[in-house]
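Please look over the sequence and the structure before reading on.

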Amino acid sequence: MSASERHCDLLVIGSGMAGMSAALFASNRGISTALIGNTGGMRFFSGLLDLMSVYPIASGKIWENPWEAIRMLSKDHSCPHPYSRIKPDIMKKAMDDFMVFLSESGLSYHIDPDRNQTVITSVGTGKQTFGVPHTMTAGVRAFQEKSPCLIVGFPEIKGFSSRQVQETMGKSWPLLRLLNVRFPGGFHVLYPEQAAKEMEHEPCREKLAEIVLPHLKDAAAVGFPAVLGVQNSMDVHRDLEKRLGVPVFEIPFLPPSIPGLRLQMVFQQQLAERGVQTFFQEPVDKVPALDSGGFLLDIGEGTDHFRIRAKGVILSTGRFFSKGLKAERTGIRETIFNLPVCQPADRTCRHNTDFFARSGHDINMAGLAIDDWFRPLDRSGRPAFSALFAAGSILAYQDWIRMKCGSGLSITTAYAAVEAFVQQVLGHDF
Ligand SMILES: Cc1cc2nc3c(=O)[nH]c(=O)nc-3n(C[C@H](O)[C@H](O)[C@H](O)COP(=O)(O)OP(=O)(O)OC[C@H]3O[C@@H](n4cnc5c(N)ncnc54)[C@H](O)[C@@H]3O)c2cc1C
């Protein structure tokens, strides 16, 4: 091996929720892992961990119990959602392991094992989700009980309006009040990341509590836009609750999302600590397959150039927005391995003529068809490569936005792909 060559067992391509989770689960199993890809996408992510709440899409049926919904969709053989390839106990294990990871990393989440929870959104709706950041849980309770509650907004932070929350929810929640106050520090405009960093300073929280306290009156809880710290949100949240003397909660709002950024930072830090070789913000063009069954990836140029040899790859490059898939006039293609993509018969069938059709658009079910080992299939229906696996939103037969299963899909398919890699490539049992 030359100085510019590195070896690993598993190479994960794509650093969104699926890629990060795959690297996490692989490192949990002691597999030598490299993770490469852009990370920016996580800043769009609300921080809520959806598992499944809408099925079938066309009826818009909302499920309180996500596992029941998954059980129902697993019976639909006409459209094999990736969940249908994972046993329920393995899915639960994946979600449990992920929650343990978050809590050990200082970013606690709350789950009700068999129930979705309803989180207040910035547009004044209630959103069903499975895993809720600890900093948002008091809002779940307040919404459930419709208790007296104060929603605080700041004119400096665009994209969050306490008035919108109060006006939309007010009819069904008459005890909801709004408060608009200046953010401490005399800012003109505040970006979410800036506000979150300000909140990490004690004098900022002290001043904020001073401003809010006179308006508290009968409020049993206080909601803020989700900017309660980036690095130490749990401490910021705890301190604000202490100062106000009532439960405090965050409301997720438009990207860039601070809860998404928190998750990204935790992943970046923890994966490096666990020995994962990370190459963030490195675009990947191609990954040639070796005759030996492994893969080779060239990174960088000139004196910075080096090679990674891997026994197997997990592809988790997402869909169109992230550029894992590309829609062209002639068809939709996968961008790194040129794998066949399950897609509507032609361009005219990609979208429904009714843009807001509840059934969605066929293009949103496009993606990679896989076998039971999460290996993408070639045109003949066989695994394209024996050691190539796929996870996350690049998989076909799911519309995670409408089914509200984004993170659950990423986490559980990443887990399944790692287990498949272990069995198929490393030859161990799980
Ligand atoms: C705006 C928004 C809001 C969301 N809100 C929620 C929510 O409320 N609840 C929920 O559960 N989920 C939510 N999600 C979805 C959740 O984050 C998904 O799990 C996710 O987007 C799908 O994850 P993924 O890792 O499969 O793909 P992506 O998140 O798309 O990640 C793929 C990554 O691969 C990288 N990549 C692609 N091609 C290459 C290449 N050639 N070289 C290097 N890197 C590459 C991309 O840059 C990207 O970072 C949200 C997502 C978005 C975008």
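The text below goes through ring pairs, charges placed over rings, and one histidine.

The model is a predicted one.

**Ring pairs**

The structure holds 16 aromatic pairs. A pair of aromatic rings is described by the distance of the centres and the angle of the planes.

Where in the chain do phenylalanine 98 and phenylalanine 101 lie? Both belong to helix H3, which covers residues 88-104. They are three residues apart there, so about one helical turn separates them. Phenylalanine 98 is buried, because its relative accessible area is 0% and the limit for buried is under 20%. Phenylalanine 101 counts as buried too, with a relative accessibility of 3%.

Phenylalanine 295 is part of strand E12 (residues 295-299). Phenylalanine 337 is found in the loop between strand E15 (331-334) and strand E16 (388-390). The pair therefore ties together parts that are 42 residues apart in sequence. Phenylalanine 295 is buried at 0% relative accessibility, and phenylalanine 337 is buried at 11%.

Rings also join into a cluster: Phe154, Phe183, Phe187 and Phe224 are linked by ring pairs.

**Charges over rings**

Which ring lies under the charged end of lysine 92? That ring belongs to tryptophan 67, and the charged end is 4.9 Å from its centre. Lysine 146 is placed over the face of phenylalanine 143, where the distance to the ring centre is 3.8 Å.

**Histidine 81**

Histidine 81 is located in the loop between helix H2 (66-74) and H3. Is histidine 81 buried or exposed? Histidine 81 is buried, since its relative accessible area is 1%. The side chain of histidine 81 reaches the backbone nitrogen of tyrosine 83 at 3.0 Å.

Which residues are in contact with histidine 81, if neighbours within four places in sequence are left aside? Met52 and Leu73 are among them.

Conventions. Residues numbered from 1 in each chain as written. Predicted model: local features only at pLDDT ≥ 70, side-chain atom pairs only at ≥ 80, totals over all residues. Heavy atoms only, no water. Phe/Tyr/Trp six-rings, centres within 6.5 Å; stacked < 30°, edge-to-face > 60°. Helix = DSSP H or I, 4+ residues; strand = E, 2+ residues; numbered from the N terminus. Buried < 20%, exposed > 50% of the residue type's maximum accessible area, 1.4 Å probe, protein only. Lys NZ or Arg CZ within 6 Å of the ring centre and 35° of its normal. Polar contact = N/O pair within 3.5 Å; in protein donor to acceptor, adjacent residues only side chain to side chain. Contact = heavy atoms within 4.5 Å.
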